[in-house]
Amino acid sequence: MFDFTDVFLELIGLQTILALFGGVVGGIIIGALPGLSATMGVALLIPLTFTMKPAPALIMLAGIYAGAVYGGSISAILIHTPGTPASAATAIDGYQMTKKGLGAKALGISTVSSGIGGLISGLALLLIAPPLSRISLMFGPAEYFLLAVFGLTIIGSLVGDSIIKGLMSGLIGLLIGAVGVDVMTGYPRFTFGLIPLESGINLIPALIGLFSMSQVLTLSAQKKAQQVEVGSLGNVRVTPSLEDMKRLWVTILRSSGIGVFVGMLPGAGGDIASWVGYNEARRFSKNPRKFGTGAPEGVAASEAANNAVTGGALIPLLTLGIPGSSTTAVLLGGIMIQGLIPGRELFTKHADVTYTLMIGFLFANIIMMVVGLAAARYLVMVTKVPSKYLAPVIVSLCVIGSYAINLSLFDVGVMLVFGLFGYYMLKSGFHPAPVVLGIILGPMAEKGLRTALQLSQGAPIAYFLSKPISVVLIILIALSLLSPILMNKLKKSQDIPDTASDLDS
Amino acid sequence: MIRDRIWAVFFIVVGALLYARTYTFIPASAKFPRMLIVGIIILSVFLFINDKKKETSDDAVWPPIITFLISVGYAILVYLISFFPATAVFLPVLMYYMGSRDWKTILLTTVGVEIFIYFVFVMQLEVYMPRGLLF
């Protein structure tokens, strides 16, 4: 089928190794920086991957993802401010440990738990994804159309203020995706005479604008200069002892399982997984009272779960192209820009790339653990960077990144416009993730619909209902429209605080 | 609540204009955009009707706009005098606007960013930087 030696050689190639390290370390730093999120980091660094070969490019992006999810725990533990929403549960016991002078130990536990969680999810990815990808072979145009609709409804229903706004964001994204020459007829749509628009609105600048530039504008609007009091690491060793590990391994394993499962569900992300992991650990614990006062189990449970989501979320992403969260939606963009399409092809024609990615993902988690343990004390400094320095740097990267894709200043303009638009959208409760997804999926959705309508020869409803996968997807779409209600019930039963779920991991 | 309604009206108006635009398309190309626009308009109506209690945000109004304008100025500057000089101007300006007064850090950061971008984008990825009008 494919050559293991090819994969091996690819893995030890210089570009791959640089991508691995760069991605993981960069991700950790991005996750630790207050004001930056994993999604934004991935979005910003996608242009760098443009000229890389597919395997290193994807490994770097996956490395950033994993690193950032872990990195969020650093500020959660030390400043009681989760660097990413997925680390909110970590902040509880983590910060308590810091107050007791055990900050370093908390960091160590977080590092090891995150690494193990990620490794387990990577193994799950390796085992589940290839067989699961065969399903995509049964997909025809109708199924692809419904799949696109499903992806949009599930993400649209779970982000932002309300399902209405989420769905609107999705439709807006689809409409933006329709700008340009219509693939099936060659007719230019919504180009308003501008030549650069004839190839459509470029995904990456729009993505960078919506996620990164908008975040810069948000940072600029924050009134209080957030001067943070960073907790001290204390005099403890970072690396957890064997004693600690013996007490924690069950928690870590259980949370990892939870994380992988939640990650596989489209729409559920790191924040949900970390809370469920935390609560389950508390339930199973012999003295639940110590949770909240600085229990290492709390940190371990939350971090193992949220990193286990990363591998799990890659499963539906690679096999079907359904992103499980904002970050994976952006990853989808990164994959497609390499010319790769999720589905069976990734595991057959491009098996070498995909297997390199999956194995590389395992290494990324190992590197993450090693770097985290070794550099914990230095990473603390990262959390202190004020946004007045950070924001301009990000703008520069946004500008050069958007330019680099097509060597076009028009794209820079696109990025800026989307940045402004994205900022006001976010303020009003619309979330950019469905917009990006709409832009990505628009052409596929439209092509699927039009081809399906042609094939159905005038009897579309009968056609859509005659195919089993179609029916399943239709039911899933209906369920996803109900998911806000289901999610609310789940959150209430788990006592998850009702912050507008960012799905940022 | 008011903010939601403003958005709703905005989308309805823009949607209507875009829909009108689709009449210049050939019919086959117009179908999908029309479906989307109708969907957006219907949802906008729901949005308009839906009464939700909203907390007012305490974000300042002008800083994002000014930051945006400075960034647009940056892009124009890139067009005029090419990327690296433009960046050397832009970074200190925005850092100053965002509150920094520490010239040493500003200088260090600017130099650092320039080097980083040069190393990554020009040397590694061999991106052709935008040529300015003047140089």
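Me: In chain B, what share of the contacts with a separation of 6 or more comes from residues 24 or more positions apart?
Reply: In this predicted model, such residues account for 61% of those contacts in chain B, a contact being heavy atoms within 4.5 Å.

Me: What makes up chain B, helices or strands?
Reply: Chain B has 5 helices and 0 strands, and its elements run α-α-α-α-α from the N terminus on. Of its 135 residues, 40% are buried, that is, under 20% relative accessible area.

Me: Why are H3(A) and H16(A) called oblique to each other?
Reply: Helix H3 (residues 38–49) and helix H16 (residues 387–406) of chain A pack at an angle of about 45°. Angles under 35 degrees count as roughly parallel and 65 to 115 as roughly perpendicular, the rest between them being oblique; H3(A) and H16(A) are therefore oblique. Their axes lie 7 Å apart, and the crossing is left-handed.

Me: Which residues make this contact, and how do they divide into nonpolar, polar and charged?
Reply: H3(A) contributes Met40(A), Leu44(A) and Pro47(A), while H16(A) contributes Ile394(A), Leu397(A), Cys398(A), Gly401(A) and Ile405(A). They divide into 7 nonpolar, 1 polar and no charged; Gly counts as polar.

Me: How do you know whether the span of helix H2 of chain A agrees with its 19 residues?
Reply: The expected span is 1.5 Å times one less than the number of residues. For residues 14–32 this gives 27 Å, and the end C-alpha atoms are 27 Å apart, so the two agree. The buried residues of H2(A), among them Leu20(A) and Ile28(A), pack against H1, H3, H4 and H15 of chain A.

Methods
Residues are numbered from 1 along each chain as its sequence is written. Chains are lettered from A and ligands numbered from 1 in the order in which they are written. This is a predicted model: local features need pLDDT of at least 70, side-chain atom pairs count only at pLDDT 80 or more; totals for chains, interfaces and linings use all residues. Side-chain values use heavy atoms; hydrogens and water are left out. Axes are lines fitted to C-alpha atoms, for helices over the stretch in contact, and angles run from 0 to 180 degrees between N-to-C directions. Helices (H or I, at least four residues) and strands (E, at least two) are DSSP runs, numbered from the N terminus. Angles under 35 degrees count as roughly parallel, over 145 as roughly antiparallel, 65 to 115 as roughly perpendicular and the rest as oblique. A crossing is left-handed if the near helix is turned anticlockwise from the far one by less than a right angle, and right-handed if clockwise. Buried means under 20% relative accessible area, exposed over 50%, partly exposed in between (1.4 Å probe, protein chains only).
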